[in-house]
Amino acid sequence: MCPFCVRSQLTDMSDVTVDWIDEHQLQRLDQMLIVVDENDKVIGADTKRNCHQNENIEKGLLHRAFSVVLFNSEKKVLIQRRADTKLTFPGHFTDSCSSHPLSNPEELEEEDALGVKRAALRRLQAELGIPKDQVPMSAQ
């Protein structure tokens with residue numbers, strides 16, 4: 001389950017137009033996430049907006065998510081402060097990177113969790129500027 005859904009204080013995201021939220025964050029609400037059952041079996045897709053509505057979570061709507069924890073050579077962990085423009089938990093400290101694999105062929109691939117690994121690489125690049133070739137697939 002998405003690490004932020006469990007703690008979300010949002011009850012209705014169907015008409016989110018809050019002026020302090022970054023436009024990019026609002027656009028990401030329309031991304032199609034991978035909907036799964038209790039055993040992580042893919043059963044469909046739905047928008048991030050629908051997947052993160054408490055009403056849907058309470059009805060049992062589950063979707064794939066991941067958390068990345070990065071350590072340096074001194075075994076120090078990288079944590080980040082969520083941007084103030086994030087819809088969920090703005091300004092809170094969290095792991096190195098969290099997000100969702102998208103419902104597309106590249107990120108739906110299940111063998112060796114390859115789809116989730118690709119999604120993690122995508123978000124590490126977008127959030128932290130870490131090039132995909134800097135993180136070997138075996139380290140994920």
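## Contacts, core and salt bridges in a predicted model

Q: Which residues does Phe-66 touch, not counting residues up to four places away in sequence?
A: This is a predicted model. Phe-66 sits in strand β4, residues 66-68. Leaving out residues up to four places away in sequence, Phe-66 touches Cys-97, Ser-98, Ser-99, His-100, Pro-101, Val-116, Ala-119, Ala-120 and Arg-123.

Q: Is Phe-66 buried or exposed?
A: The cut-off for buried is under 20% relative accessible area. Phe-66 has a relative accessible area of 7%. That value is under the cut-off, so Phe-66 counts as buried.

Q: What distance separates the C-alpha atoms of Phe-66 and Ala-119?
A: Phe-66 and Ala-119 are in contact. Along the chain they are 53 residues apart. Their C-alpha atoms are separated by 8.7 Å.

Q: Which element gives the most to the largest nonpolar core?
A: The largest nonpolar core has nine residues: Phe-66, Val-68, Cys-97, Ala-119, Ala-120, Leu-121, Leu-124, Ile-130 and Val-135. Two or more of them come from each of β4 and α5 (114-128). The top contributor, with four residues, is α5.

Q: Which residues does Leu-124 touch, not counting residues up to four places away in sequence?
A: Leu-124 belongs to the largest nonpolar core. Some of its contacts, including Val-68 and Cys-97, are also members of that core. With residues up to four places away set aside, Leu-124 touches Val-68, Leu-70, Cys-97, Gly-129, Ile-130 and Val-135.

Q: How many residues apart in sequence are the parts that Arg-64 and Glu-110 tie together?
A: Arg-64 forms a salt bridge with Glu-110, with the closest N and O atoms 3.0 Å apart. Arg-64 lies in the loop between β3 (62-63) and β4, and Glu-110 in the loop between α4 (105-108) and α5. The pair therefore ties together parts whose separation in sequence, in residues, is 46.

Q: Which helices hold Arg-122 and Glu-107?
A: The side chains of Arg-122 and Glu-107 meet in a salt bridge, 2.7 Å from N to O. The pair ties together parts that are 15 residues apart in sequence. Arg-122 and Glu-107 lie, respectively, in helices α5 and α4.

Q: Which helix holds both Glu-127 and Arg-123?
A: Glu-127 forms a salt bridge with Arg-123, the closest N and O atoms being 3.3 Å apart. The two are four residues apart, about one turn of the helix. Glu-127 is partly exposed at 23% relative accessibility, and Arg-123 is buried at 9%. Both lie in helix α5.

Q: Which residues make the nonpolar surface patch of about 530 Å²?
A: One member, Val-77, lies in strand β6, residues 77-78. At 43% relative accessibility, Val-77 is partly exposed. The patch is made by Val-69, Phe-71, Val-77, Ile-79 and Phe-93.

Notes. Residues are numbered from 1 along each chain as its sequence is written. This is a predicted model: local features need pLDDT of at least 70, side-chain atom pairs count only at pLDDT 80 or more; totals for chains, interfaces and linings use all residues. Side-chain values use heavy atoms; hydrogens and water are left out. Patches are made of residues with over 30% relative accessible area and no salt bridge: like charges are joined within 9 Å, nonpolar side chains (Val, Leu, Ile, Met, Phe, Trp, Tyr) within 5 Å. Accessible areas come from the Shrake-Rupley method with a 1.4 Å probe; for residues, only the protein chains shown count as cover. A salt bridge is a side-chain nitrogen of Lys or Arg within 4 Å of a carboxyl oxygen of Asp or Glu. Buried means under 20% relative accessible area, exposed over 50%, partly exposed in between (1.4 Å probe, protein chains only). Contact means heavy atoms within 4.5 Å. A nonpolar core is a set of buried Ala, Val, Leu, Ile, Met, Phe, Trp, Tyr and Cys residues joined through side-chain atoms within 4.5 Å.
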